[in-house]
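Colleague: I would like to learn how to read a protein model step by step. Could we take one feature at a time?

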Amino acid sequence: MKQALLLLENRLLVLLATAVLLAAGAFAWSRLPIDAFPDVTNTQVMILSKAPGLAAVDVEERVSYPIEQVMRGLPRVTQVRSLSRAGLSQVVIVFEDGVDTYWTRQVVFERLGLAREELPPGVVPELGPISTGLGEIFQYTLEGEGKSAMELRTVQDWLVAPLLEPIPGVNEVNSFGGEVKQYQIQILPEKLVEYDLTIGEVVEAVERGNANAGGGVVVQGWEQLYLRGVGLIKDIPDIERIVLESSDGAPVYLRDVADVVIGAEPRQGAVSRDGRGETVAGMIIMLKGENSRDVVSRVKDAVTKIQGTLPEGVRLNVFYDRTSLIEACVETVVHALLEGGIFVILVLFLFLAELRTALIVVLSLPLTFLVSFVVMDRAGIGSNLMSLGGLAIAIGMLVDAAVVVVENVESQLAEAQENLPTLHLIFRAASEVAAPVTSGIVI
């Protein structure tokens, strides 16, 4: 009781505490991850394995099943499931809620070494990105008149994606559509027979012929010069000049047994937009736990700069931006809060017939919201349509509690017959309804 009276008598202390609360709430709001919807994706690790040339049934038996069996013994695992397609295996390990994401990836990676021994040659399993079902935050297409699908895909893979991937909060950049450029070696079987060579020997020769080699150093005075043999392939003539073997003292070059051409990687499916033919698309995936609003803002700033580095005639056309969805959801909730506050003032003023009392009740709303933001920040709860909508729904309950307290204070002041100070009357009025109001809110 003495502490409560002390607060009533020291209004400056109350105002200072309120100012601190306002600052803490505003700071917590600036830190809260903002998104359109809450992310309810469970804690999982995805293992992706490319198996070129294998049918779906072979992928299931030789890739997915061995990985599943190895992963079933991991601690705190609730489910292991897989999806097998022609040339691709996807195994998903679901963990208990609340498990640290990076710990799950560590234990999966350690156990994955046991499965590698049972997989077909050339199949290398990889861990999927650290993302969730709501990780797709930004999508765009690359368009350019007179540019082929291969040229656009090359720009996407070698210019746009490398500039977007280092952005903080971006997990990966996925590319779709277009044709992936390849230098293809089309072997002539009759030439292999003529020179008594095999396809394996050609493959080994190409691998040997595409590398740099160190050659030590040469010391001249106080300088050191590094010697290196440069053998990395740069163009088609470099590939054609690779030596396969010697025949009667004369070298047999790759061009003698094969044609080297520029072609496209085999693919399934394509990307088109607005019925104007094929195009190339990019999708930016956000790192799990990041603030989507901040990440999208960084991406948009980078896209503005990238536009100026694109080849002439090529443009980056955005067709999905999570920011617009976030802003629409936040705007909906803010409008609901503002409209609720306005109607509260009007109704209270009509029924209580006193503007000061109505304003006192309304002031409890922003203070409550700021306290909620501090709690949300500490509890790791982001601001989205559900959490902010819950605050909007709580307006009625908060107003009811404030009205009961303020109305009882007004009644005590108006009906007071004892010669007591005003602060004592206010304290007594608040004490009378504090317990029932608190219990009602908690219930």
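Colleague: What share of the residues in the protein chain is buried?

Modeller: This is a predicted model, and in it buried residues make up 35% of the 443 residues in the protein chain.

Colleague: Where does Pro120 lie, and which residues does it touch?

Modeller: Pro120 is in the loop between helix 4 (101–116) and strand 4 (126–127). If residues up to four places away in sequence are not counted, it touches Leu54, Arg62 and Val63. Take Arg62: it is 58 residues from Pro120 in sequence, yet the two C-alpha atoms are 6.9 Å apart in space.

Colleague: How does the picture look for Asn408, and which residues is it in contact with?

Modeller: Asn408 belongs to helix 13 (residues 395–415). With neighbours within four places in sequence left aside, its contacts are Ala429, Glu432 and Val433.

Colleague: What can be said about contacts over the whole protein chain?

Modeller: Consider contacts between residues at least 6 apart in sequence. Of these, 70% join residues at least 24 apart.

Colleague: How many helices and strands are there in the protein chain?

Modeller: The protein chain has 14 helices and 14 strands. Its radius of gyration is 34 Å, well over the 22 Å that the globule rule gives for 443 residues, so the chain is more spread out than a compact globule. Along the principal axes, the C-alpha trace spans about 125 × 65 × 55 Å.

Colleague: Now for pairs of helices. At what angle do helix 5 and helix 9 pack?

Modeller: The angle is taken between N-to-C directions. Helix 5 (residues 149–164) and helix 9 (residues 292–307) pack at about 150 degrees, and their axes are 10 Å apart. An angle over 145 degrees counts as roughly antiparallel, so helix 5 is roughly antiparallel to helix 9. Their crossing is right-handed.

Colleague: Which residues make that contact between helix 5 and helix 9?

Modeller: Helix 5 contributes Val160, Leu163 and Leu164, while helix 9 contributes Ala302, Val303 and Ile306. By type, the residues of this contact are six nonpolar, no polar and no charged.

Colleague: How are helix 11 and helix 13 packed?

Modeller: Helix 11 (residues 355–379) and helix 13 meet at an angle of about 140 degrees, with axes 9 Å apart. These two helices are therefore oblique to each other. The crossing of helix 11 and helix 13 is right-handed.

Colleague: Which residues take part in the contact of helix 11 with helix 13, and how do they divide by type?

Modeller: On helix 11 they include Ile360, Val361 and Leu365, and on helix 13 they include Leu398, Val399 and Glu410. The residues of this contact divide into ten nonpolar, three polar and two charged.

Key. Residues numbered from 1 in each chain as written. Predicted model: local features only at pLDDT ≥ 70, side-chain atom pairs only at ≥ 80, totals over all residues. Heavy atoms only, no water. Axes fitted to C-alpha atoms, helices over the stretch in contact; angles between N-to-C directions. Helix = DSSP H or I, 4+ residues; strand = E, 2+ residues; numbered from the N terminus. Parallel < 35°, antiparallel > 145°, perpendicular 65-115°, else oblique. Left-handed = near helix turned anticlockwise from the far one by under 90°. Contact = heavy atoms within 4.5 Å. Nonpolar A, V, L, I, M, F, W, Y, C, P; charged D, E, K, R; others polar. Rg over C-alpha atoms; globule rule 2.2 N^0.38 Å. Buried < 20%, exposed > 50% of the residue type's maximum accessible area, 1.4 Å probe, protein only.
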